Amino acid sequence: RLDILVNNAGIYQRIPIDETNEDDWDRMMEVNAKGPFLGVKAAAKAMTASGGGSIINLSSTAGLRASVAVHYGASKGALRLMTKSIANRYAKDGIRCNSVHPGPIDTAMGHAAVPDDQLDERLYNRIPLGRFGKPEEIANAILFRAADEASFMTGSERVVDGGATSR
């Protein structure tokens with residue numbers, strides 16, 4: 001039986017729209033939006049057959065507000081709205097679907113999003129907690145959404161960004 005699906009695969013390219021070509025756009029959408037779409041289609045069948053489950057989609061704060069990398073923000077915004085649609089479609093089948101929106105996390109991808117020469121301006125001065133998040137902090141947000149303690153949550157968004165979007 002399948003109880004939990006975490007759509008966590010993602011790619012990032014820090015390039016502005018005027019330097020983004022169609023191949024860049026298509027690849028970003030393929031991995032960040034189409035991948036979770038296909039995962040949900042497969043998982044929802046198994047979850048429906050077994051009486052329910054929990055789907056957690058890893059989006060980004062770039063899916064909530066403007067981003068230098070337009071194609072990345074668009075892919076994560078698509079995943080955000082897909083989460084809400086999935087939540088509505090499968091609630092009657094006992095399947096919950098929620099999203100987690102990390103800010104800069106201390107990973108290779110997080111450091112690509114916030115280059116070292118911009119740490120003071122973009123990270124330390126804009127994030128009230130003044131640091132990169134830890135992967136474990138994102139894992140804890142995911143774990144809660146997967147657990148029975150979150151049984152009345154579906155279609156919800158959890159931002160884990162050190163307070164950056166509160167500004």
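Accessible areas here come from the Shrake-Rupley method with a 1.4 Å probe, and for residues only the protein chains shown count as cover. On that basis the protein chain exposes about 8,900 Å², with carbon and sulfur atoms supplying 54% of it. Keep in mind that this is a predicted model: local features need pLDDT of at least 70, side-chain atom pairs count only at pLDDT 80 or more, and totals for chains, interfaces and linings use all residues. Residues are numbered from 1 along each chain as its sequence is written, and side-chain values use heavy atoms, with hydrogens and water left out.

**Overall layout**
- You get five helices and four strands in the protein chain, where helices (H or I, at least four residues) and strands (E, at least two) are DSSP runs numbered from the N terminus.
- Reading from the N terminus, the order is β-α-β-α-β-α-α-α-β.
- Along the principal axes, the C-alpha atoms fill a box of roughly 50 × 35 × 25 Å.

**Burial, contacts and charge**
- Of the 167 residues, 43% count as buried; buried means under 20% relative accessible area, exposed over 50%, and partly exposed in between (1.4 Å probe, protein chains only).
- Take contacts (heavy atoms within 4.5 Å) between residues at least 6 apart in sequence: 75% of them join residues at least 24 apart.
- The mean positions of the 20 positive and 20 negative charges sit 9 Å apart. Lys and Arg count as positive and Asp and Glu as negative, leaving out His and the chain ends, and each charge is placed at NZ of Lys, CZ of Arg, CG of Asp or CD of Glu.

**Helix α2**
- Helix α2 (residues 70–90) has 21 residues and spans 30 Å from first C-alpha to last, close to the expected 30 Å (1.5 Å times one less than its number of residues).
- Its buried residues include H71, Y72, L79, M82, I86 and Y90.
- Among the elements covering those buried residues are α1 (22–50), β2 (53–58), β3 (95–102) and α3 (108–113).
- R89 also belongs to α2, and counts as partly exposed because its relative accessibility is 43%.

**Strand β1**
- L5 lies in β1 (residues 4–7) and is buried, because its relative accessible area is 16%.
- Leaving out residues up to four places away in sequence, L5 touches G39, V40, A43, M47, S54, I55 and I56.
- L5 and T48 are 43 residues apart along the chain, with their C-alpha atoms separated by 13 Å.
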